[in-house]
Amino acid sequence: MFSLARTIVRPALARTLAQRAAALHTLPELPYAYDALEPHISKEIMQLHHTKHHQTYVNGLNTAEEAYAKASSTGDKIALQSALKFNGGGHINHSLFWKNLAPAGQGGGQLKDGQLKSALERDFGSVDAFKKQFNAATAAIQGSGWGWLGYSPKTQKLEIVTTANQDPLLSHVPIIGVDIWEHAFYLQYKNVKPDYLNAIWNVINFEEAETRFAEAA
């Protein structure tokens, strides 16, 4: 009898564990080496940012989702909303951010003629004017957050938006996102945000941004 029970339970347990493992969020691999963005973003920053900070958001999201699935009351579920938003946003934002970057020798910083460039010139006057406005808005974030170039489905224009903490961009389709948390730049640029923001344009993956814009517009 007990042997039969084990025979029945083990496959069920295996399926449950497999389903749980499949549902877990994981840290995405970077499409380049940790030192590939130097001298604009150091290897040390990239390694810590990816393996420590992003991994923390992944772990926190998995923990929060598991707790939410087990929550037995509405109150318990409501209490988990902040953890889901913070860690879920951190995972979403960083997964987008890594693809937003590319080594200078592999297209980073190179905006070619196309739909995105034309739209930037239409909506901001010029590419340089866009960068200046973006840097000013992002540097002005109090505390931690993200600067975004987003496409607005309502206005059908590109717009500069900022979000606090790890809040994901929901009002617009994200085209380019820049992390302005201190862990993204402090080891290299100290508290001089403008230097970091000026440097990061050298490794922005405009090809990825072009693809996102083409899908959104």
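User: Is Ser42 buried or exposed, and what is its relative accessible area?

Analyst: The model is predicted, and what follows should be read with that in mind. Ser42 has a relative accessible area of 16%, and because buried means under 20%, Ser42 counts as buried. Ser42 lies in the loop between helix H1 (2-23) and helix H2 (43-70), and, once its neighbours within four places in sequence are left aside, Ser42 is in contact with Tyr34 and Gln188.

User: Which residues of helix H5 are buried, and why do they line one face of the helix?

Analyst: The general idea is that an α-helix has 3.6 residues a turn, so residues three or four places apart point the same way. In H5, which spans residues 115-124, the buried residues are Leu116, Ala119, Leu120 and Phe124. Viewed down the axis of H5, these buried residues fall within an arc of 105°, so they line one face of the helix.

User: What covers the buried residues of H5, and which residue follows H5?

Analyst: The cover includes helices H6 (127-139) and H9 (206-216), together with strands S1 (145-152), S2 (157-164) and S3 (173-179). H5 is followed by Gly125, which has a positive phi, near 100°.

User: How should I describe the packing of H5 and H6, that is, at what angle do they pack and how far apart are their axes?

Analyst: Two packed helices are described by the angle between their axes and the distance between the axes. For H5 and H6 the angle is about 70° and the axes are 8 Å apart; the two helices are therefore roughly perpendicular to each other, and their crossing is left-handed. In this contact, Lys117, Leu120, Glu121 and Phe124 of H5 meet Val127, Ala129, Phe130 and Gln133 of H6, and by class the residues comprise five nonpolar, one polar and two charged.

User: At what angle do H6 and helix H8 pack, and which residues make the contact?

Analyst: H6 and H8, the latter formed by residues 193-200, pack at an angle of about 140° with their axes 10 Å apart. The pair is therefore oblique, since only angles over 145 degrees would count as roughly antiparallel, and the crossing of H6 and H8 is right-handed. Asn135, Thr138 and Ala139 of H6 make the contact with Lys193, Leu197 and Asn198 of H8, a set that divides into two nonpolar, three polar and one charged.

Methods:
Residues numbered from 1 in each chain as written. Predicted model: local features only at pLDDT ≥ 70, side-chain atom pairs only at ≥ 80, totals over all residues. Heavy atoms only, no water. Buried < 20%, exposed > 50% of the residue type's maximum accessible area, 1.4 Å probe, protein only. Helix = DSSP H or I, 4+ residues; strand = E, 2+ residues; numbered from the N terminus. Arc of directions from axis to C-beta. Contact = heavy atoms within 4.5 Å. Axes fitted to C-alpha atoms, helices over the stretch in contact; angles between N-to-C directions. Parallel < 35°, antiparallel > 145°, perpendicular 65-115°, else oblique. Left-handed = near helix turned anticlockwise from the far one by under 90°. Nonpolar A, V, L, I, M, F, W, Y, C, P; charged D, E, K, R; others polar.
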